[in-house]
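User: I would like to go through this model step by step, with the cut-offs stated as we go. Please keep the answers tied to what can be computed from the atoms.

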Amino acid sequence: MSATFQAPKGVPEYLPPASAEFLAVRRAQTRPAELAGYGYVELPVFEDTALYARGVGESTDVVSKEMYTFEDRGGRSLSLRPEGTAGVMRSVIEHNLHRGQLPVKIWYAGPFFRAERPQKGRYRQLQQVGVEAIGSDDPRLDAEVITMADQGFRACGLTRYQLLLTSLGCATCRPPYRQLLQQFLDGLDLDDATRQRAALNPLRVLDDKRDSVQAQLVDAPLMADHLCTACVEHYERVRHFLRVAGVSWDEAPRMVRGLDYYTRTTFEFVHPLLGAQSAIGGGGRYDGLMSSLGGPELSGIGYGLGTDRTLLAREAEGLAPLASPAVSVFVVPLGPGTGDMAVEVLGRLRAAGVACTSSFGARGLKGAMKAADRSGARWAVIIGEDELAGGTLQVKDLADGTQASMTPDEMVDSIAAQSGDRKKEGTH
Ligand code: HAM
């Protein structure tokens with residue numbers, strides 16, 4: 001016997017029936033984007049390595065330690081996408097989307113890849129639903145984007161998460177603040193590696209998890225206290241519109257995101273029941289990103305919601321399933337002469353938009369009814385040879401156990417009217 005294979009380490013798989021929950025969560029998280037007029041983009045799963053180095057930032061762990069980078073057959077360096085924003089910018093610039101109506105509003109969903117140390121909620125293939133809105137610095141857009149993320153989590157049934165919000169300043173106020181923070185860090189007792197980090201990107205030191213470092217950072221200067229007038233006003237307007245939208249948040253002046261492109265409004269959604277991997281989504285403005293990638297000077301804002309962690313958060317909150325059973329009807333043909341009718345009724349139910357399956361092989365009534373129960377179907381349609389001769393079949397309501405004799409026409413009409421499957425159409 002040859003050896004069997006296993007999925008790569010740190011890659012979660014979603015199998016039926018749990019995968020229906022995965023799809024339902026993704027659906028719930030994409031709906032707010034569709035309702036707000038965002039258009040879907042299918043992005044490449046790998047891009048030029050340099051795009052991420054320049055776009056996401058070489059000082060980030062995501063780029064310096066976690067990228068899956070390889071050379072293709074032509075000797076080009078490519079990387080599996082660690083995130084979606086840089087790819088969207090590349091695509092917008094390459095296809096001149098910014099020459100049309102602004103802001104360009106885009107959503108995407110799918111797997112991203114980071115070679116992190118795997119643990120619960122931290123995967124090497126992670127799933128996100130993301131949006132990007134490019135070409136406007138209107139604070140109402142910031143509030144719209146944050147509200148959409150909030151709706152995405154709410155539609156998944158989550159209630160216990162927290163929205164953390166801050167402003168990371170702009171090209172005017174960040175450099176002097178950075179210098180101030182660097183001076184402060186120079187006076188601390190830090191190891192060489194941390195010193196190097198401080199020189200490259202001092203903000204990242206604020207995110208150091210070690211108590212010995214955090215203890216020294218109590219009096220560190222914070223960006224929020226050193227914003228320029230334009231950033232203070234912008235942030236004030238964002239918070240005003242969030243209040244109007246009914247979204248509540250907590251100020252998080254020490255928040256550090258894992259990607260370098262953020263400016264001004266920056267946010268993270270965290271869930272208290274998820275332990276160390278508590279971020280279920282995050283995003284913010286990135287006003288210099290387009291131009292740094294060779295595009296026009298256009299601002300932008302977006303987010304990525306973690307689908308895997310949303311599922312874990314739903315589990316932690318003990319929420320009822322979002323997805324309905326896969327099928328509404330389970331057809332049970334009993335006896336050799338009933339196969340044709342089974343093919344016919346399955347075809348007609350599906351044409352009427354009713355999800356259905358049947359037993360296969362020669363199964364007795366008992367076994368087939370057990371399978372019908374297990375399928376989660378609301379109705380069993382039993383086709384017996386004798387009844388078939390009289391032009392009827394039995395329809396059993398598996399919820400209340402009642403049974404009725406109907407013609408195939410009556411059965412299709414009655415179930416199509418009650419099943420609600422039509423309404424679910426196009427939900428994935
Ligand atoms: P991010 O914060 O790196 O942002 O990722 C967004 C979300 O993806 C996180 O909050 C988390 O839920 C999930 N996530 C990230 N890494 C992992 C992992 N290893 N395992 C499981 N889930 C993970 C971005 O990627 C930005 N592109 C978001 C954005 C869009 N900002 C502006 N536009």
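User: In which helix is the place of Arg309?

Analyst: This is a predicted model, in which local features need pLDDT of at least 70 and side-chain atom pairs count only at pLDDT 80 or more, while totals for chains, interfaces and linings use all residues. Residues are numbered from 1 along each chain as its sequence is written, and side-chain values use heavy atoms, with hydrogens and water left out. Helices (H or I, at least four residues) and strands (E, at least two) are DSSP runs numbered from the N terminus. On that basis, the helix that holds Arg309, spanning residues 307-316, is H12.

User: Which residues is Arg309 in contact with, leaving aside its neighbours within four places in sequence?

Analyst: Contact means heavy atoms within 4.5 Å. Glu47 lies 262 residues from Arg309 along the chain, and the C-alpha atoms of the two are separated by 25 Å. With neighbours within four places set aside, the contacts of Arg309 are Gly121, Arg122, Leu274, Gln277, Ala279 and Ile280.

User: Which of the 27 residues around the ligand come nearest?

Analyst: A residue is near a molecule or strand if one of its heavy atoms lies within 4 Å of it. The shell around the ligand divides into 10 nonpolar, 10 polar and seven charged residues, where Ala, Val, Leu, Ile, Met, Phe, Trp, Tyr, Cys and Pro count as nonpolar, Asp, Glu, Lys and Arg as charged, and the others, Gly among them, as polar. Of the 27 residues, those that come nearest are Glu83, Glu116, Glu132, Arg257 and Tyr262.

User: Which strand gives the most to the shell around the ligand?

Analyst: At least two residues of the shell come from each of strand S6 (125-134), strand S10 (279-285) and strand S11 (300-306). With six residues, the strand that gives the most is S10.

User: How far is an oxygen atom of the ligand from an N or O atom in the side chain of Arg257?

Analyst: A polar contact is a pair of N or O atoms within 3.5 Å; within protein, one must be able to donate a hydrogen and the other to accept it, and residues adjacent in sequence count only if both atoms are side-chain atoms. A nitrogen atom of the ligand lies 3.0 Å from a polar side-chain atom of Thr85, and a nitrogen atom of the ligand is 3.3 Å from a polar backbone atom of Tyr303. For the side chain of Arg257 and an oxygen atom of the ligand, the distance is 2.8 Å.

User: Which strands are the edge strands of the open sheet of eight strands?

Analyst: Two strands pair if DSSP finds at least two bridges between them. The order is S1-S5-S6-S11-S10-S9-S7-S8, with mixed pairing. Pairing on one side only marks the edge strands, strand S1 (39-40) and strand S8 (250-251).

User: At about what angle to S6 does helix H1 run?

Analyst: Axes are lines fitted to C-alpha atoms, for helices over the stretch in contact, and angles run from 0 to 180 degrees between N-to-C directions. Helix H1 (residues 18-35) lies across S5, S6 and S11. Its angle to S6 is about 5 degrees.

User: What is the omega of the cis peptide bond that joins Pro16 and Pro17?

Analyst: Pro17 is placed in the segment before H1. A cis bond also leads from Leu102 to Pro103, with omega near -5 degrees, and Pro103 is in the loop between helix H4 (85-94) and S5. For the bond joining Pro16 and Pro17, omega is about 5 degrees.
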